[in-house]
Amino acid sequence: MHIVRYRHSPQSDLFAALDRLTNMRAEIDRVFESTVGSFSRSPAPLSRWNPAVNVYQDKDQFTVVVELPGLKKEEIEISLHDDTLTISGERKREESSGLEFLTERLYGNFQRSLTLPTAVDTEKVKASYKDGLLQVVLPKAEEAKPKQIEVALK
Amino acid sequence: MNILSQPKKDQAMVPNEDDRQAVYVAPPADVESTDVGYVIRAEMPGVEKDGLEITVDRGELIILGRRKPIEVTGELIYREIRPHDFRRVYELAPSIDSTKITANIDQGILTVTLPKAETVKPRKIAVQ
């Protein structure tokens, strides 16, 4: 059993329903021992902050873009284990002097992991953070790059 | 001069601003109430200062944030980030002095400060 903190917002019912759906999917996945794509969102409750991710690919590299508005550079943690990239951290509330009138934003810990389709060169991974967008560039490992093979025509 | 070769303004090829079906995302936002007014903090990742348009019209505060296209190489292979611009409208309380609204954006968080008019601020009245 797990306890979900009560949020006084009409969205909380929706989130609870979505949570149940996610759990249901996990259940179905377990029964059929299938996984729907390696990039699918973690089974974490949806009422938690789950930053949105885009992934781009060209022949040399992958680029992962994550929406992380309102963080400081030092609050973002990026780690790479084999070909699994994990981005995590904690978002704190801004210091405030007033009363909360309306709260829609989500705070607290977040974590996103994604498995890249091919091996990457861990030494050459670069990241930047601007306008609330984190961008991680992961060059593909030499052996994973597509190679052009010349075939002689007789 | 042949008048037909002159494109008429109302037949211009560019669709009218009002005709275009704009799709927006409502950014999640917190509103805080203080003694001196209100503070709105909205999440608008990918929006720079230049992409912001904040207007006050007929007692409404309209926030429009245009996303800067993400500068990346390669093709998109997985997407969760919605590419649409942000828009949010708030009705202003009559106590807000709309001439003194200020805004600032930092790392994708837009902060709008809405001060109350001097006359409605709580004031201590000395008893004679």
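Colleague: What share of the contacts in chain B with a separation of 6 or more comes from residues 24 or more positions apart?
Modeller: It is 56%, with a contact meaning C-beta atoms, placed from the backbone, within 7 Å. This is a predicted model, where local features need pLDDT of at least 70, side-chain atom pairs count only at pLDDT 80 or more, and totals for chains, interfaces and linings use all residues. Residues are numbered from 1 along each chain as its sequence is written, while chains are lettered from A and ligands numbered from 1 in the order in which they are written.

Colleague: How many helices and strands in chain B?
Modeller: Zero helices and nine strands, taken as DSSP runs numbered from the N terminus (helices H or I, at least four residues; strands E, at least two).

Colleague: How many residues of chain B touch chain A?
Modeller: 31 residues of chain B are in contact with 28 of chain A. Strands S2 (29–33), S3 (37–43), S4 (47–57) and S6 (75–79) of chain B each give two or more residues to that side.

Colleague: Which strand of chain A pairs with S6(B)?
Modeller: Strand S1 (residues 53–57) of chain A, antiparallel over four bridges; pairing takes at least two DSSP bridges between the strands. A:Val55 stands opposite B:Tyr78 there.

Colleague: What is the strand order in the open sheet of five strands?
Modeller: S5(A)-S2(B)-S3(B)-S9(B)-S8(B), with antiparallel pairing. The edge strands are S5 (99–102) of chain A and S8 (102–106) of chain B.

Colleague: And how many bridges join S8(B) and S9(B)?
Modeller: Five, in the antiparallel sense. B:Asn104 has B:Thr111 in S9(B) as its bridge partner.

Notes
Two residues are in contact if their C-beta atoms, placed from the backbone, lie within 7 Å.
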